Amino acid sequence: MDSLEDIWQQILAVVAKDITPTAYNTWFSDCTAVDITDRKLVIHTTSDFKRGIISGRFSEIIRGVLYDLFSCEFDLDILAGDELLEYEKSANKKPSPYPEMEGYTFDNFVVGPSNKFAHAASIAVANSPGKVYNPLFIYGNSGLGKTHLLLAIGEKILRDHPDFRIAYLKGDDFTNELVHSIQTGTSEEFRNKYRNMDLLLMDDIQFIAGKRSTQEETFHTFNSIYEAGHQIVMTADRPPMDMAQLDDRLRTRIEGGLMADVQPPDIETRTAIILNKSAALGLSLPTEVVEYIAENITSNVRQIEGVVKRLTAYKEIMNDSINISSVKRAIKDVIRVGSYIPTPEVIIEETARYYSLQPQDLKGQRRSKNTAMARQVSMYLMRNLTNLSLVDIGGQYEGRNHSTVLSSIRKIEDMIKTDPEVSATVRDISANINSRS
């Protein structure tokens, strides 16, 4: 990421284009960037008068440049005179140990029929951790708010129980940490780190399916936390019964708790989400624009939020009015014709992850049995999930021509028909790929 000074220079370059050199020198020659953190830029000028001018005339431009750089909203804090000294003293305070929870609360989660049960269960767990619905397992397609609920539980419990030991991690991060602990001989420290938690929040556990050592460690971690009367919350893109390579013991443990699904929101809930998000960004949307977004983005909350943010950028950066024309521009890259078409990189990455390999292992010349199988599966998936030709698919792999690709695809097709394990593997990897839509 660029340094603070680099970011500030990019902002000044945009400001300088809009005003005369005299005005630029008057208001910005002694204005400096102080800090950028927690989605807030702090700058300093020499007087209250200059602060008022910069705030009134240029704050929207500055925030617009920040949005263009980072694709998210930033606040602007303008210090004047001796306020810089006070800020520097207060800035030495200890940062939050859980920055990922910032902004994820129950208050800003829009509830509708599609998520009402999961929301109610999450609040119950947050109010009485370890006493009800343990474990809580929230599942549903990507972009529907599972992670929001997971982090909202953590945020509420942290506020009510600041002494709790809390861990938030993703399934593949757990795998990576486990592998690192084995390589460095720190397995005991790894076990103690998670087995002694008061609250374990594990996101996207579908990525541990098929990984024997990770599932073994997850099972024992699960037991330790559960038997101590502490809380476990997990999310995934599908229920345990649909994860073919999930360990039976772990599946039984999960199904012994409460499973709550999150479905795509109905049009009323989508409308409420649009209004809620636009209000949080200080954006007033015409009724016809709200209706257009709600009618055209039907299955993904994250996409809805992204469109509202993009409209904010149009208004602030381009001084563009918000109407049906601008909303069509905002969603043209979001709405796809037909189903989600993953990139070859995503397919190779997810296949490699499933087989505990690196993408380069599949692209390169390694010929071990595990690598060869993973490579053939990725070719089969690329043929079935994209519009690439055999030649184009071969181009994703070093030294493979179209005949090699065709042979690999036919081999996997035959194995799917006769080997239930291969069929389940392909189904799991496909689900992981589609969850990234």
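How many of the six residues of strand 2 (residues 40-45) are buried? Five are, so strand 2 is largely enclosed by the rest of the structure. Buried means under 20% relative accessible area, exposed over 50%, and partly exposed in between, with a 1.4 Å probe and protein chains only.

This is a predicted model, in which local features need pLDDT of at least 70, side-chain atom pairs count only at pLDDT 80 or more, and totals for chains, interfaces and linings use all residues. Residues are numbered from 1 along each chain as its sequence is written, and side-chain values use heavy atoms, with hydrogens and water left out.

**Strand pairing**

Helices (H or I, at least four residues) and strands (E, at least two) are DSSP runs, numbered from the N terminus. Two strands pair if DSSP finds at least two bridges between them. Strand 2 pairs with strand 1 (residues 32-37) and with strand 3 (residues 75-80).

| Pair | Sense | Bridges |
|---|---|---|
| Strand 1 and strand 2 | antiparallel | five bridges |
| Strand 2 and strand 3 | parallel | six bridges |
| Strand 5 and strand 6 | parallel | five bridges |

Single partners can be named. Thr37 has Lys40 of strand 2 as its bridge partner. For Tyr168, the bridge partner is Leu201 in strand 6.

Five strands form an open sheet in the order 5-6-7-4-8, with parallel pairing. Strand 5 (166-170) and strand 8 (258-261) are the edges, each pairing on one side only. From one strand to the next, the twist averages 15°. Helix 6 (residues 146-160) packs on this sheet and touches strand 4 (136-139), strand 5, strand 6 and strand 7 (231-236). Contact here means heavy atoms within 4.5 Å. The direction of helix 6 makes about 165° with that of strand 6. Axes are lines fitted to C-alpha atoms, for helices over the stretch in contact, and angles run from 0 to 180 degrees between N-to-C directions.

Helix 14 (residues 324-331) has Ser326, Val327, Ala330 and Ile331 buried. They cover an arc of only 130° around the axis, which puts them on the same side of helix 14. The arc is that of the directions from the helix axis to the C-beta atoms. At the N-terminal end, Asn323 caps helix 14, with a side-chain oxygen 3.1 Å from the backbone nitrogen of Ser325.

Ile433 belongs to helix 20 (residues 420-434). Ile433 counts as buried, at 0% relative accessibility. Its C-alpha atom is separated by 9.4 Å from that of Leu385, 48 residues apart along the chain.

Conventions
A polar contact is a pair of N or O atoms within 3.5 Å; within protein, one must be able to donate a hydrogen and the other to accept it, and residues adjacent in sequence count only if both atoms are side-chain atoms.
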